[in-house]
Amino acid sequence: MKKFVILVTLFYSLSAFSSGLKTEVEAKKLCDTASSQFGNGKISESFNILKQHWPLPDEEISALIYKTKSQLQMVDSRFGTLLGSDYISTKKAGNSFIKFTYVIKYQKHALRYMCIFYKPKDLWVLNAVTWDDEIKKLFD
């Protein structure tokens with residue numbers, strides 16, 4: 001069977017227009033809420049939750065929402081019914097990066113959903129959101 005991979009990754013430099021989060025707990029809570037919406041099929045709501053902490057122009061987020069919805073339509077027919085999301089792990093890289101990993105559960109398969117935050121000084125800023133079907137990497 002041909003491997004089906006969906007990968008949406010965006011890394012952008014910080015912007016003066018994005019707001020930051022003071023603690024890792026606040027960053028995780030933001031990603032918890034966004035992944036829950038994503039896991040309930042509410043893609044627009046998920047990205048809109050992240051928007052104020054993600055230094056991307058509104059037009060790029062709108063394009064990302066459209067592309068994500070289009071790709072997930074292909075997944076639905078193959079993976080079955082959407083069942084929600086589960087938190088998996090938190091990993092830190094030094095004092096400047098933190099990644100929260102979740103799974104988006106379907107009846108027949110799952111997707112990894114990750115939020116990466118960057119802390120240049122005092123505040124955490126969303127730096128990347130990634131989702132794919134590489135669930136074997138949950139064990140790396």
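## A tour of the fold, its core and its links

Among contacts between residues at least 6 apart in sequence, 59% join residues at least 24 apart. Keep in mind throughout that this is a predicted model.

**Stop 1: the whole chain.** Show the cartoon. The protein has three helices and four strands. Starting at the N terminus, the order is α-α-α-β-β-β-β. The accessible surface comes to about 7800 Å², and carbon and sulfur atoms account for 54% of that. Of the 140 residues in the protein, 41% are buried.

**Stop 2: the nonpolar core.** Select Phe38, Phe47, Leu50, Trp54, Leu72, Tyr113 and Phe117. The largest nonpolar core has 30 residues, and these seven touch the most other members. Colour by element next. Two or more residues of this core come from each of α1, α2 (43–51), α3 (58–79), β2, β3 and β4 (125–132). Which element gives the largest share of this core? Helix α3 does, with six residues.

**Stop 3: the aromatic pairs.** Keep the rings on display. Across the whole structure there are nine aromatic pairs. Zoom in on Phe38 and Phe47. Their ring centres are 6.4 Å apart and their planes meet at 75°, so this pair is edge-to-face. Are these two side chains in buried or exposed residues? Phe38 is buried, at 2% relative accessible area. Phe47 is buried too, at 1%.

Move on to Tyr87 and Tyr102. This aromatic pair is also edge-to-face, with 5.5 Å from centre to centre and 70° between the planes. Tyr87 belongs to strand β1 (residues 82–93) and Tyr102 to strand β2 (residues 97–106), so the pair ties together parts 15 residues apart in sequence. Check the surface around each ring. Tyr87 is partly exposed, with a relative accessibility of 37%. Tyr102 is buried, at 2%. The cut-off for buried is under 20% relative accessible area, so Tyr102 falls below it. Exposed would need over 50%, so Tyr87 lies in between.

**Stop 4: a charge over a ring.** Where does the charged end of Lys28 sit? It sits over the ring of Tyr87, 4.1 Å from the ring centre.

**Stop 5: the aromatic cluster.** Select Phe38, Phe47, Trp54, Tyr87, Tyr102, Tyr113 and Trp131 together. These residues form one aromatic cluster. Both edge-to-face pairs from Stop 3 have their members here: Phe38 with Phe47, and Tyr87 with Tyr102.

**Stop 6: the disulfide.** Show the cysteine sulfurs. How many disulfides does the count come to? The count is one. A disulfide is a covalent bond between the sulfur atoms of two cysteines. Here Cys31 is joined to Cys115, with 2.1 Å from S to S. Cys31 is in helix α1 (residues 24–39) and Cys115 in strand β3 (residues 110–118), so the link spans distant parts of the chain, 84 residues apart. Look along the bond. The angle about the S-S bond is 85°, and the link of Cys31 and Cys115 is right-handed. Cys31 is buried, with a relative accessible area of 0%. Cys115 is likewise buried, at 0% relative accessibility.

Methods. Residues numbered from 1 in each chain as written. Predicted model: local features only at pLDDT ≥ 70, side-chain atom pairs only at ≥ 80, totals over all residues. Heavy atoms only, no water. Phe/Tyr/Trp six-rings, centres within 6.5 Å; stacked < 30°, edge-to-face > 60°. Buried < 20%, exposed > 50% of the residue type's maximum accessible area, 1.4 Å probe, protein only. Lys NZ or Arg CZ within 6 Å of the ring centre and 35° of its normal. Disulfide = S-S within 2.5 Å. Contact = heavy atoms within 4.5 Å. Areas by Shrake-Rupley, 256 points an atom, 1.4 Å probe, with all protein chains shown as cover. Core = buried A, V, L, I, M, F, W, Y, C linked by side-chain atoms within 4.5 Å.
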